[in-house]
Amino acid sequence: MPAPFPPLSPVPPPDELLTARRRFFSGAPGAEQALALPIIRSWTRCAERGLPVGGRLKAEPLTQGELSIRRERYEALRRRCRPELEALHLSASAAGGIVILTDPTGLVLDTVGSADFADRAAQVALRPGVSWSEADSGTNAIGTALIERRGIEVRGAEHYAEPHGILTCAAAPIHDPFGELVGLLDLSGPAAVPHHHALALVELAVGQVEHRLFEGAFPGRDVVRFHADPSFLGTAREGVLVFEDHRLVAANRPGLSLLGLGWDALGARRFSELFEGSLGRPGDARRARTPNGAVMLRLERQAPAPVRMAAAPAIAPPPTPAPAGPSFDAETEQALGRAIRLMNAGVPVLIQGETGSGKEVFARQIHARGPRADRTFAAVNCAALPEGLIESELFGYEDGAFTGARRAGFKGLFREADGGVLFLDEIGDMPLGLQSRLLRVLQEREVTPLGGGKAVKVDFALVCASHRDLKMLVEQGSFRADLYFRIAQYTVTLPPLRSLADREALVERLWRDMAGPGADAPLLSPACREALARHTWPGNFRQLTGVLKVLLALAEPGETVGPEALPADVRTTDLRSPAQPAAASSLPASQAGDPAPGLSGDLGSVTRAAMDAALKECDGNISRAARRLGIHRSTLHRHLASRGH
């Protein structure tokens with residue numbers, strides 16, 4: 001069962017750490033034996049980027065205005081994290097340190113804690129408005145944790161840049177219910193002061209934040225809370241899974257860990273595959289069996305929340321960006337052209353298709369290729385916000401409209417989209433009461449914000465999308481017929497990924513778009529492309545691009561990624577013929593012409609045998625063995641770590 005926060009290696013004593021630094025930066029072997037693998041991997045990435053070691057790294061802070069805009073963008077995250085920032089503040093102050101909240105890129109949003117240490121930290125630019133991504137600041141807990149997607153502690157001289165050696169930092173990324181990075185918490189202090197249990201405290205705080213992201217975020221969905229120990233139900237350690245029509249659509253890390261799953265299970269697994277028996281009724285609590293043993297399970301169905309800002313909206317997953325020149329088949333490309341022409345004529349467009357089939361990508365292309373491309377593309381997911389918050393997001397509100405409203409009010413997405421394109425995703429989940437208000441806006445082309453105020457004229461092109469069959473919803477009475485006929489004057493149905501003919505070429509093109517140009521860009525092996533093309537992809541493009549992002553994040557520069565790197569449910573069982581020749585070519589020269597019997601089997605067995613043989617011939621020296629195999633030493637480290645070496 002995968003642990004939500006894998007344990008790290010002990011930090012070497014100062015003298016041993018300094019010796020390892022000298023060896024690493026002089027190119028001498030042996031540095032990797034004294035350092036944790038995440039630190040070695042990070043130092044290697046920083047060295048390959050050419051980051052300076054001794055001098056100060058470039059850390060251009062945002063202006064105060066730019067920082068205010070960034071903070072406003074992540075206001076929901078900041079509110080969610082406020083209790084944890086205050087709780088960690090006590091620990092930080094006692095040890096003379098500070099607590100830091102960053103956005104998903106590593107840009108510091110807020111710091112609280114010791115004023116004295118905050119002043120010292122500012123000398124190395126550890127302050128709001130500065131990016132501490134690994135690319136900008138070298139090895140550090142914030143940037144490295146975001147790349148490794150796990151809790152990381154970086155102490156003193158483990159920092160890549162020497163000026164940062166005054167710091168000891170522990171950081172853990174925050175994941176939303178869809179597996180996306182939405183921010184990070186960090187606890188930093190002076191390197192000379194011991195910071196016992198710092199990483200455990202940060203990870204506990206992150207767990208609490210992630211647990212609260214489910215509050216009111218999935219109205220009408222079935223939420224399963226479970227744990228092998230009933231005493232953990234209701235705590236941040238319980239597993240939380242969200243099902244829509246019995247299909248898993250969201251989860252927290254403890255839930256995935258208890259079931260031995262990864263984020264790729266979202267959209268791909270059904271309740272019946274994970275638990276014995278039926279979902280049951282809301283409020284039911286019962287024992288249930290899973291593939292990993294018995295658990296206590298409780299079902300709830302979230303109801304729409306009342307109109308109030310105190311219950312902040314869950315952090316919605318960032319929109320799936322369209323790759324450069326999205327890959328549409330000829331029929332879909334023709335439909336896109338018609339949609340653009342009709343949008344120009346004031347005709348609304350409805351996009352139907354399975355979850356992950358590229359509805360938002362299609363909508364963004366309507367905007368990008370049309371005459372409104374230089375104006376706003378305003379998007380809202382009607383399924384991701386409670387009813388009251390959808391209303392305030394769309395219509396806006398005046399100062400004092402309700403408790404918790406911003407002092408300056410909020411003009412809403414209808415007015416934000418004025419002159420541009422408004423995209424209403426999952427419109428089939430819009431409550432009936434709001435459907436009538438939306439219809440009135442479409443008919444009168446004016447918006448009245450909550451709390452009164454004067455009606456404002458608006459001009460926007462409307463694009464809607466849903467994975468639900470809206471015609472069936474109309475027949476069932478859960479979607480207004482007059483609104484349906486208003487928004488569905490032209491409907492595009494996007495095909496699922498599994499129905500496309502040349503999926504292997506599509507996989508290769510998506511990979512090239514993500515990896516970028518250059519001789520050091522990682523490559524996909526033919527066997528890996530074939531396995532990706534053969535998979536059915538129940539989560540469609542979103543699932544495929546998610547897997548490709550993981551492969552790219554784990555790949556080393558210039559590496560050829562084989563099928564052994566794929567998630568277990570994507571790998572196929574009969575890939576030996578196309579894969580073995582590539583694996584055999586990486587064998588030591590003494591064995592290349594005469595494979596030993598132990599090298600028969602699947603690609604993983606071949607790879608392990610080749611690595612073991614190289615290590616044996618090189619007397620266990622990892623650097624020499626990596627050179628002999630023609631791979632980077634951090635790649636060999638990663639493979640050995642995955643086998644428990």
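## Cysteines and cores

The structure, which is a predicted model, holds zero disulfides. C464 is in no disulfide, and the nearest cysteine sulfur, that of C382, lies 7.8 Å away, whereas a disulfide would need two cysteine sulfur atoms within 2.5 Å. Two cysteines can be set side by side by their relative accessibility, and because buried means under 20% relative accessible area, C169 counts as buried at 4%, and C464 counts as buried at 0%.

| Cysteine | Relative accessibility |
|---|---|
| C169 | 4% |
| C464 | 0% |

Turning to the protein as a whole, 52% of its 645 residues count as buried, and its secondary structure comes to 24 helices and 19 strands. The protein exposes about 28100 Å², of which carbon and sulfur atoms supply 52%. Among contacts between residues at least 6 apart in sequence, 65% join residues at least 24 apart.

In soluble globular proteins, nonpolar side chains tend to be buried together. Here the largest nonpolar core has 35 residues, and the members that touch the most others are L126, W132, I142 and L167. Among the elements that give two or more residues to this core are the helices α1 (14–26) and α2 (37–49), together with the strands β4 (167–175) and β5 (181–190).

Note on methods:
Residues numbered from 1 in each chain as written. Predicted model: local features only at pLDDT ≥ 70, side-chain atom pairs only at ≥ 80, totals over all residues. Heavy atoms only, no water. Core = buried A, V, L, I, M, F, W, Y, C linked by side-chain atoms within 4.5 Å. Buried < 20%, exposed > 50% of the residue type's maximum accessible area, 1.4 Å probe, protein only. Helix = DSSP H or I, 4+ residues; strand = E, 2+ residues; numbered from the N terminus. Contact = heavy atoms within 4.5 Å. Areas by Shrake-Rupley, 256 points an atom, 1.4 Å probe, with all protein chains shown as cover.
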